[in-house]
Amino acid sequence: MAKAIMIQGTMSNVGKSLITGGLCRIFKQDGYNVAPFKSQNMALNSFITEDGLEMGRAQVMQAEAAGIQPDVKMNPILLKPTNDIGSQVILNGDVIGTMSAMEYYKNKHKFVPAILDAYNYLAKKFDIIIIEGAGSPAEINLKTNDIVNMGMAKLAKSPVLLVGDIDRGGVFAQLIGTIDLLDNDEKEYIKGMIVNKFRGDKTILQPGIDMLEKKANKSVVGVIPYIHCDIDDEDSLSHRFEKRENTGLIDVVVIRLPRISNFTDFNAFECIEGVSLRYAEYVSDIGNPDIIIIPGTKNTINDMLWMRKNGIESKIKQCASKGKIIFGICGGYQMLGNTITDYEGLEHKGTFNGMGLLPIRTIFKSNKTRNRVSGMFTNIGGILSPLKGQRFEGYEIHMGISEITGNCNNISVLNSENISKCDGANSGNVYGTYVHGIFDSANIAETIISVILKEKGIDNSRIKAFNMNEYKNQQYDLLADAIRNNVDMDMIYNILKEGV
């Protein structure tokens, strides 16, 4: 059976996911067969595995860092918020229903057998399991029947490293306060502490570290600097959303929907020289972009109504009338059509007018489409016609079916499990597709940027073919180096060996 170590945090967004990913990479580099595990993840950024099952994107990132294929056993429970008080519950990659927060809280203990089955499956296949917690183990209102922090540590009999974020201030109170609020038996699981996101001279910090270790009666395993590497973020706390200003030759704007999902779809644009990718939450943020992307969302209708109410829809239509490129992905594609009908009340019962930029209609169905796909652009026209004939890979994850009702073409043909089908639509310079990750494939993002540069009369010779897999591996190595150079790996290996 695998050895285990768990990364818990003093709060959300202290760096648990990245540290877990970095340790996955380090153990892989050291010759171990390692896998990540998170019993329960709450995020809208999900992924479809090769067998058509859904899991959290953070564990996909960690699996990539470990050099292995993502498996839903690495994230047996995924909660996808549908509103402020309820979430779609996904168990082992399949949707089992939607629950209010209280309903899930009362029933979460019933998921323990599935969690243990998933963990034990991985423990038999791998040498090391790195478990990630969620939020904080000191959230005393949630400790009853906990299945993701100390409850999971006990199930796996895993030692714990507690991470605090010094960049937000109060890291000593974070760490000491968290440990003080734990039960005595839980405190024994904490085998070390990590101070994360440090900026400055570590020697100045040393007196604080000495006092921290004395008061907490725990060792500080490492002080990790603020790491500048480009790794997929777990949730909407992403620093990417803070980008508001155009600083490049090409201005790409993504609409920051309230329930935005799978925003990693656009990371490829950030890696191209001269491109500024930014997120717009208000009409004033949009400006005069070269391309507007409407991303996926967990609630298409309400997010479309949000854009209608705050004037973003009108701004998008204005840009479309000027020939600007408008590109919708999944829910964003659905919004571009004429109508969206929800007979079953899956989101918002009734029929709603879309933006009317594509002659399509969408009908929501309770069955979720989940496929890994490969495809090729076929009848795509307008300014992006140079994409014709180019191939791509990605995945579908949606609950609607869209059909063309007017004069326009599908933009691609998709293949999944030996089944071919048409996808997407194009009218003028407005495009839509259900495929997530479509820009990651070689030359897709580069072709789009080259076309825009040519249209603007700018030399596009600097645009080079971009390999996303190579780039990701470089970033994982940078992350691993930063962690390895700033934590005591000998101590971590001893913690692994000794257990609890």
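Colleague: Which residues of helix H16 (residues 489-498) are buried?

Modeller: Met-489, Ile-492, Ile-495 and Leu-496 are the buried residues of H16.

Colleague: What puts them on the same side of H16?

Modeller: Their arc around the axis is only 115 degrees, so they sit on the same side of H16. The arc is taken from the directions that run from the helix axis to the C-beta atoms. Mind you, this is a predicted model: local features need pLDDT of at least 70, side-chain atom pairs count only at pLDDT 80 or more, and totals for chains, interfaces and linings use all residues. Residues are numbered from 1 along each chain as its sequence is written, and side-chain values use heavy atoms, with hydrogens and water left out.

Colleague: Which exposed residues does the face turned away from the buried side of H16 carry?

Modeller: Asp-490, Lys-497 and Glu-498. As for the ends of H16, Asp-488 caps the N-terminal one, with a side-chain oxygen 3.1 Å from the backbone nitrogen of Asp-490. After H16 comes Gly-499, with a positive phi near 65 degrees.

Colleague: Why is Lys-472 called buried?

Modeller: Its relative accessible area is 13%. Buried means under 20%, exposed over 50% and partly exposed in between (1.4 Å probe, protein chains only). So Lys-472 counts as buried. You'll find Lys-472 in helix H15 (residues 468-484); a helix here is a DSSP run of H or I with at least four residues, a strand is a run of E with at least two, and both are numbered from the N terminus.

Colleague: What makes the pair of Lys-472 and Glu-64 a polar contact?

Modeller: The side chains of Lys-472 and Glu-64 are joined at 3.4 Å. A polar contact is a pair of N or O atoms within 3.5 Å; within protein, one must be able to donate a hydrogen and the other to accept it, and residues adjacent in sequence count only if both atoms are side-chain atoms. So the pair qualifies as a polar contact. Leaving aside residues up to four places away in sequence, Lys-472 touches Arg-57, Glu-64 and Asp-232, where contact means heavy atoms within 4.5 Å.

Colleague: Why is the pair of Phe-27 and Tyr-32 called edge-to-face?

Modeller: The structure holds 12 aromatic pairs. In the pair of Phe-27 and Tyr-32, the centres are 6.5 Å apart and the planes make 90 degrees. Rings of Phe, Tyr and Trp (its six-membered ring) pair if their centres lie within 6.5 Å; planes under 30 degrees apart count as stacked, over 60 as edge-to-face and the rest as tilted. So 90 degrees makes this pair edge-to-face.

Colleague: How do you know that Phe-27 is buried and Tyr-32 partly exposed?

Modeller: Phe-27 has 0% relative accessibility, so it counts as buried. Tyr-32 has 37%, so it counts as partly exposed.

Colleague: How many bridges join E7 to E8?

Modeller: Strand E7 (residues 86-91) is joined to E8 by 6 bridges, and the two run antiparallel. Leu-91 stands opposite Asp-94 in E8.

Definitions and conventions
Two strands pair if DSSP finds at least two bridges between them.
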